Amino acid sequence: MTVTRGFRGRHDRRAVDLPPGQHLTTGFPVLSTGPAHNEPTSSWAFSIASDAGVTRTWSWAQMMRLPTERITADIHCVTRWSKLGTTWTGISLDVLFEDVDVRYPYALVRSYGGYTTNLPMADLTGGKAWIAYEFDGRPLTPEHGGPARLLVPHLYFWKSAKWVSGLSFTTTDQPGFWERHGYHNYGDPWREQRHTDD
Ligand SMILES: Nc1nc2c(c(=O)[nH]1)N[C@H]1C(S)=C(S)[C@@H](COP(=O)(O)O)O[C@H]1N2
Ligand SMILES: [Mo]
């Protein structure tokens with residue numbers, strides 16, 4: 001099928017913008033392995049650790065004083081729904097990494113409740129990943145990861161850890177929860193990296 005780019009309207013992005021095997025959803029499905037683990041902002045903290053010990057911790061108040069960005073991104077769940085043009089407010093991980101030694105090849109991201117997911121550092125830097133705390137102009141709801149979640153929209157959405165609490169730099173790649181349970185280690189939706197051997 002041919003789509004003339006000039007004729008693409010807001011509601012006609014399907015053919016060109018959907019990764020293989022995905023379909024559009026207008027809702028916002030909730031996918032979690034268990035109950036929501038939203039931490040009150042009074043006790044919420046985000047910490048970056050390395051094998052040299054805890055490197056940096058930000059309280060909610062400290063995090064909210066950092067420069068924020070409005071992000072518009074398409075999101076793709078491995079269960080085949082995609083949502084185009086979602087809007088978020090968040091803090092780029094580049095901001096958090098400014099005064100941290102980031103000379104590590106991988107990170108293991110962790111969440112309140114124990115969820116983990118692994119990413120190469122190259123996918124968390126360079127304007128590709130955020131700590132998101134607003135969706136569609138409103139505070140992130142608990143079921144979608146509030147008060148804050150990781151947002152890495154260029155990879156399948158399981159990499160976007162809800163109720164995020166921090167990350168650890170690692171020298172070797174340490175698979176996270178879904179990566180140990182049959183999902184692909186990297187998860188590029190455009191290459192359909194859904195399962196371990198895809
Ligand atoms: N902490 C945590 N983060 C998580 C999950 C989870 O179970 N726990 N599920 C992942 C999966 S598989 C997907 S598709 C998205 C779903 O996000 P949503 O519920 O906001 O749509 O969150 C990801 N982040
Ligand atoms: Mo998912």
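## A buried tryptophan and its partner

Trp 81 is buried, with a relative accessible area of 6%; buried means under 20%, exposed over 50% and partly exposed in between, using a 1.4 Å probe and protein chains only. This is a predicted model, in which local features need pLDDT of at least 70, side-chain atom pairs count only at pLDDT 80 or more, and totals for chains, interfaces and linings use all residues. Residues are numbered from 1 along each chain as its sequence is written, and side-chain values use heavy atoms, leaving out hydrogens and water.

Which kind of pair do the rings of Phe 28 and Trp 81 form? Their centres are 6.3 Å apart and their planes stand at 70 degrees, so the pair is edge-to-face. Rings of Phe, Tyr and Trp (its six-membered ring) pair if their centres lie within 6.5 Å; planes under 30 degrees apart count as stacked, over 60 as edge-to-face and the rest as tilted. Phe 28 sits in the loop between β1 (23–24) and β2, while Trp 81 belongs to strand β5, 53 residues away. Strands (E, at least two residues) and helices (H or I, at least four) are DSSP runs, numbered from the N terminus. Phe 28 is buried too, at 17%.

In soluble globular proteins, nonpolar side chains tend to be buried together. Here, the largest nonpolar core has 36 residues, and Phe 46, Ile 48 and Leu 93 are among those with the most contacts inside it. Such a core is a set of buried Ala, Val, Leu, Ile, Met, Phe, Trp, Tyr and Cys residues joined through side-chain atoms within 4.5 Å. Elements giving two or more residues to this core include β2 (45–50) and β11 (164–170). A second, separate core of 13 residues includes Phe 28, Trp 81, Trp 130 and Ala 132.

## Another aromatic pair

Tyr 115 and Phe 177 form a tilted pair, 6.0 Å centre to centre with 40 degrees between the planes. Tyr 115 lies in the loop between β6 and β7 (116–120) and Phe 177 in helix α4 (residues 177–180), so the pair ties together parts 62 residues apart in sequence. Tyr 115 counts as buried at 16% relative accessibility, whereas Phe 177 is partly exposed at 25%. Both belong to a cluster linked by ring pairs, along with Tyr 156, Trp 158, Trp 178 and Tyr 183.

How values were computed
Chains are lettered from A and ligands numbered from 1 in the order in which they are written.
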